[in-house]
Amino acid sequence: MGRRTMQGGTGRALLLMGFLVGLLGVGCRESPPLTGASGRLRLSAESVTFPSTYIGQTREDTVRVLNAGRAPLDVRWTQVDAPFTVEGFPERLSTGEAVGRIRFSPVTPGTYSATLVGTSSEGGTVSLTLAGEARVLPECALPGTCYRATFDVATERCVAVPLEDGTPCDPGNECVLEARCVSAQCKGRERVCDDGNACTSDVCNPLDGCTAVPAPPCPGDGKCQVGVCDPARGCGLVKAPDGTFCGSRRGCDGADVCVDGACALRDLPDGFVCAPGTPCQGEGRCQGPDCARPPATALVPNWTFDAAERSRDLHDIMVWPDGSVTLAGFFSSPMLDATGERPVSASGTGRRCMLWNERLLCMDYPLQGTVSLLDRRTGEPRWTFTLTSARPDLGAQAKTMFMARLAVMAPDRLAALFEAYPATSEEGTLCRVYFLVVLDAKGGLISGQLLEDPLLSECNHPHPFGLVSNTAGDLFVAFSPTVNSGAPLQAGAPTLLLAYSADGVERWRRTLPMPGGELGTVRGLLLPEYGTAALSTVDGTEQGPMEELGRAVATRDVVVPSPAGTTVNPMGGEAAASELKGYTVPGLAPLWTYSLSAGQRFTSKELRLADTLPWGAQGAETLALGFASDGATPTLVGVRTRDGSEAFQCALAYEPLSVQQLFELGPESLVLMDGSNECGQCDPPFAYSRARFQRFPLLGMQPTVAPWPGTFGGPGHGHHELPVRAEP
């Protein structure tokens with residue numbers, strides 16, 4: 001037994017030695033193939049699904065190819081169609097593994113799939129399912145005319161780069177020629193308008209180009225020379241008509257009047273016009289030593305429109321320069337030329353409308369967060385801007401985009417504030433996001449941005465209660481929380497004031513402990529409705545204590561706050577007022593106080609400025625107009641802004657439905673609104689109301705043009721400080 005064992009052990013040793021010699025080989029002789037070995041082909045995954053991929057973008061993934069056997073494998077792989085490509089899948093695989101790469105490079109949108117099959121020399125097969133979705137590259141909104149924007153597929157973000165200086169651009173303004181980009185702003189040569197007539201004012205409309213309008217009257221010398229205009233030579237002086245007042249004495253028994261171009265003292269004959277007329281009283285004429293005037297007559301409406309009788313939610317007035325009237329309202333179609341024989345209503349809703357560039361500008365037309373410029377006669381859009389289309393990146397941050405406020409910044413600049421629910425919130429929430437957009441005259445986007453501040457982050461429906469611009473085109477916004485949840489919104493405190501440049505760049509911000517309200521500007525002063533001090537438009541600092549400003553009006557030299565006690569501060573009460581006060585601009589020193597007659601009280605916070613027509617050798621005077629009552633008779637009061645003296649009191653012959661809630665002026669006309677039953681201090685004012693509108697003749701009066709005529713009270717009439725009109 002031991003020998004068999006020894007012989008067996010020796011045999012096994014010889015066999016092992018022979019195996020090693022065969023395995024290592026001798027010299028370069030090829031090894032003979034093994035018999036009885038098997039190859040096993042495996043993949044580390046059965047499928048690869050690529051994430052959504054933009055056209056032009058390439059995504060890549062890897063799969064390990066395994067040979068689980070002890071012998072090499074020959075592998076035959078099927079072809080895959082574009083947009084898939086594969087590489088690294090071996091046709092001969094030694095023992096171990098290799099790495100195969102799969103790429104997805106779509107050039108058209110769609111959903112794609114393919115299957116890669118591998119068959120080994122042993123007859124085994126493996127398969128890999130490929131899938132991917134291709135998306136169109138997002139459109140990148142331009143932050144301005146002088147930018148290019150592309151979508152970076154690597155970062156999946158839009159990248160904006162300023163265009164090179166000198167690149168031609170569209171200024172969105174017919175009054176700018178040969179425009180080119182300069183430091184990312186579109187600038188060009190100003191179009192010069194000249195019709196060759198010195199008696200016209202040649203102006204350029206950003207939408208329509210050059211137009212000519214009658215020039216302002218030529219000034220006289222204030223004595224016995226009056227201004228005249230010659231189309232070729234322009235303004236000149238000629239002798240005033242004999243009998244024109246020229247000095248301080250105005251009595252019928254002795255007056256300073258012009259005689260052959262010189263001022264002389266004369267007795268005035270009976271019938272001589274010794275005093276100008278007023279809207280409700282004819283001229284005064286001499287009767288002996290007295291200047292006798294005809295009895296005053298009440299102002300009687302010559303047009304009435306009762307929206308309640310027509311079942312129309314109308315509670316806003318816009319009066320065009322030619323005197324035609326447009327009526328609008330919250331969630332209502334604007335009624336164009338409401339005083340005409342066949343009034344036309346614009347289709348869709350215009351929750352905020354105002355006049356701009358001789359057209360009607362409305363937000364939410366239709367209700368999609370849009371702004372449209374409408375033809376004043378037909379209501380057809382000249383252009384429509386939709387923020388969600390122009391700036392998808394901003395639209396993605398919100399849901400249900402809708403209007404907030406509008407304001408004119410310049411003839412070629414418009415500010416629009418859009419309001420929306422945050423994208424992460426449910427609709428109906430009191431959380432809000434706001435976007436400030438600046439447009440050019442043709443509706444082109446100049447800038448757009450999300451407004452951010454801790455006050456705006458509170459879920460108390462913060463809202464812009466005031467929006468105004470100055471002569472430089474700077475924009476000012478007053479945001480406040482609201483004390484109620486649904487329109488019309490009532491302002492709470494505090495107020496966030498934001499200031500922006502004409503291109504939408506923030507200049508400063510302040511928070512003040514008062515409710516938000518309307519804003520006004522004049523000569524570097526910002527006038528917040530519920531403030532007791534004006535603010536500097538440069539940095540927001542206080543410019544001197546005053547009584548509550550209310551819905552003030554201002555000339556270049558005088559600011560007139562609402563009558564004290566009629567402003568109805570949302571956080572306070574209301575008191576009767578019998579005085580109107582004027583303050584100097586810009587110093588804000590007390591200038592004058594006007595007092596009503598005994599028993600009279602001012603009844604409305606609304607004021608407007610009007611200019612009298614020139615009379616004799618004297619020029620036009622600017623009056624502050626307001627409403628008063630003795631408890632029974634509504635009365636229109638005109639007060640001279642230069643010294644606070646009374647120009648007239650005119651009774652109005654109508655039965656009031658409420659206090660005078662809103663009024664606007666046209667050429668020798670006044671359009672009055674009353675009868676609304678919603679909050680006029682809220683925003684939008686008088687929402688959902690059906691008001692009554694009446695037009696009264698206002699002979700001898702014109703809406704003023706200098707410099708900010710007082711458009712408080714209407715929901716977006718273009719609160720804008722007008723530049724002083726130059727004399728020809």
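1. A quick word on terms before you look at this predicted model: strands here are DSSP runs of at least two residues, numbered from the N terminus. With that in hand, you can find Phe-331 in the loop between β27 (325–328) and β28 (335–336).

2. Stay with Phe-331 for a moment. Its relative accessibility is 36%, so it counts as partly exposed, given that this class runs between 20% and 50%. Together with Leu-367 and Tyr-688, Phe-331 makes a nonpolar surface patch of about 270 Å².

3. Next, have a look at the second largest pocket, which holds about 700 Å³ of space. Its lining takes in 34 residues, and those nearest the centre are Cys-186, Asp-412, Arg-413, Ile-446 and Asp-503.

4. Which strands each supply at least two residues of that pocket's lining? They are β14 (185–190), β15 (200–205) and β37 (445–451), with β37 giving the largest share, 5 residues. By class, the pocket lining splits into 14 nonpolar, 10 polar and 10 charged residues.

5. The largest cavity comes to about 60 Å³, and its lining includes Arg-405, Phe-465, Arg-551 and Cys-682. That lining has 4 nonpolar, 3 polar and 5 charged residues.

6. The second largest cavity has a volume of about 30 Å³. Among its lining residues are Ala-478, Thr-495, Met-514 and Leu-519, and the lining counts 6 nonpolar, 3 polar and 2 charged residues.

Terms used. Residues numbered from 1 in each chain as written. Predicted model: local features only at pLDDT ≥ 70, side-chain atom pairs only at ≥ 80, totals over all residues. Heavy atoms only, no water. Patch = residues over 30% accessible without salt bridge, like charges linked within 9 Å, V, L, I, M, F, W, Y side chains within 5 Å. Areas by Shrake-Rupley, 256 points an atom, 1.4 Å probe, with all protein chains shown as cover. Salt bridge = Lys/Arg side-chain N within 4 Å of Asp/Glu carboxyl O. Helix = DSSP H or I, 4+ residues; strand = E, 2+ residues; numbered from the N terminus. Buried < 20%, exposed > 50% of the residue type's maximum accessible area, 1.4 Å probe, protein only. 1 Å grid on protein atoms, 1.4 Å probe; cavity = no way out; pocket = protein on both sides within 12 Å on 5 of 7 lines; lining within 4 Å. Points joined across faces, edges and corners; volume = space filled by probe spheres on them. Nonpolar A, V, L, I, M, F, W, Y, C, P; charged D, E, K, R; others polar.
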